Amino acid sequence: MTTFDLTSIPFFRPSLGDDEIAAVTECLRSGWLTTGPKCAAFENAFAARIGDDVEAVAVNSATAALHLGLEAMGVGPGDEVIVPTLTFTATAEVVRYLGATPVMVDVEADTLCIDPAAAEAAITERTKVIMPVHFAGRMCDMTALRALADRHGLKILDDAAHALPAHHRGRPVGNCGADATAFSFYANKTMTTGEGGMLVTANPELAARARVMRLHGIDRDVFNRFTDKRASWFYDVIAPGFKYNLTDIAAAIGLVQLGRVDDFVRIRTERVARYNSAFADLPVILPPGPAEGDRHSWHLYILQLSDRAPLARDDFIRALQSAGIGVSVHYRPLHQMTLWKRFTEGRAFPNADRIFTRCVSLPLFMSMTDAEQDRVIEVVRDVLGGAAA
Ligand SMILES: *Cc1c(COP(=O)(O)O)cnc(C)c1O
């Protein structure tokens, strides 16, 4: 057993138990390691969870899912794709994989999500797709974005790397207005397969294209549709595809984790409420909650220091780290990065810039104990000059 030093609290610790270990062991003993029955079962369970009319395509990362989603939407050189500047680089990077141009726009100061008005202002005749990011697990206004996309004939690929199992107006992420949705099962996401991802869509043509492109552009259906399905050795290659398939080892973990997602979000939501009430009187801006009628997945707990805070964000981080508390920053906006500067020259992103100077992500994970959270609260209150609780 691991022992936890209470004075040192990690930013994140995955919750993997005996069921995940047993599932992996069973997979290893079965002799079938790569994409096979476990992947198929994981895809079916995932699609069933999202809604009855979607398909789920398992891949080895959300980055792969985003790439395949854009590829299936026909994005290519000369096209523009609108992305928020406050996101992980993968959101914009996949646009470049296809030779298209990412167009960064600002986020809303109050939700940290893409600003629909800024997105609309960035639309040109080259725009093909909008990629909203449900920031920290708070759903973007998918109703407004869908209406916007329809007005301009655009597709929506939402980056839901943070968002499982959030809802927008009673509909689960993956089935609430986007043409396709990418999920991440990276180690610190809301559920994990170590590395992994899923592309979800209700459009059968998008799903079929993604299935072909996730494995070398190999198309078995073309042949099987017309001939003997038993000729499993026969296939056609229709495009230079990718090597993005998920292993059955990972899918076996995913099947167990998927069954725990609702417990996970309930626990994180309780921890968030506890943080919020402990920090209510401090010079901070608490993380935005869900919009009316939505559900937040609470992947991240992001505080912003207010103007009244007694120290700068970097000093705040140093103080927390020297007290043994793991913290992170989500994110340094893309337009500040060397690679992305040339895509954003001459444009201003005041909300993202301001958020970046003030934000810090605190530890939030399922196995966090009351004592661990109390320790984080104590240090934050102490550093920010709050009265002893
Ligand atoms: C983690 C993350 C990704 C990439 O996920 P991978 O599964 O690691 O490829 C993409 N977008 C956002 C917003 C993320 O946080």
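Arg-318 is exposed in this predicted model, with a relative accessible area of 51%, a value that places the residue in this class because the class begins over 50%. Its salt-bridge partner is Asp-315, and the closest N and O atoms of the two are 3.0 Å apart. Asp-315 counts as partly exposed, at 36% relative accessibility. Both residues belong to helix H11 (residues 313–322), where a separation of 3 residues corresponds to about one turn of the helix.

Asp-281 and Arg-381 meet through their side chains in a salt bridge of 2.8 Å, N to O. This pair spans 100 residues: Asp-281 is found in the loop between helix H10 (261–279) and strand S12 (284–285), while Arg-381 is part of helix H14 (residues 370–383). Asp-281 is exposed, with a relative accessible area of 52%, whereas Arg-381 is buried at 9% relative accessibility.

A further bridge joins Arg-211 to Glu-43, with 3.2 Å between the closest N and O atoms. Here too the link is between distant parts of the chain, since Arg-211 lies in helix H7 (residues 204–213) and Glu-43 in helix H2 (residues 37–50), 168 residues apart. Arg-211 is partly exposed at 28% relative accessibility. Glu-43, by contrast, counts as buried, with a relative accessibility of 9%, because buried means under 20%.

Over the whole structure, the search finds 23 salt bridges.

Terms used
Residues are numbered from 1 along each chain as its sequence is written. This is a predicted model: local features need pLDDT of at least 70, side-chain atom pairs count only at pLDDT 80 or more; totals for chains, interfaces and linings use all residues. Side-chain values use heavy atoms; hydrogens and water are left out. A salt bridge is a side-chain nitrogen of Lys or Arg within 4 Å of a carboxyl oxygen of Asp or Glu. Helices (H or I, at least four residues) and strands (E, at least two) are DSSP runs, numbered from the N terminus. Buried means under 20% relative accessible area, exposed over 50%, partly exposed in between (1.4 Å probe, protein chains only).
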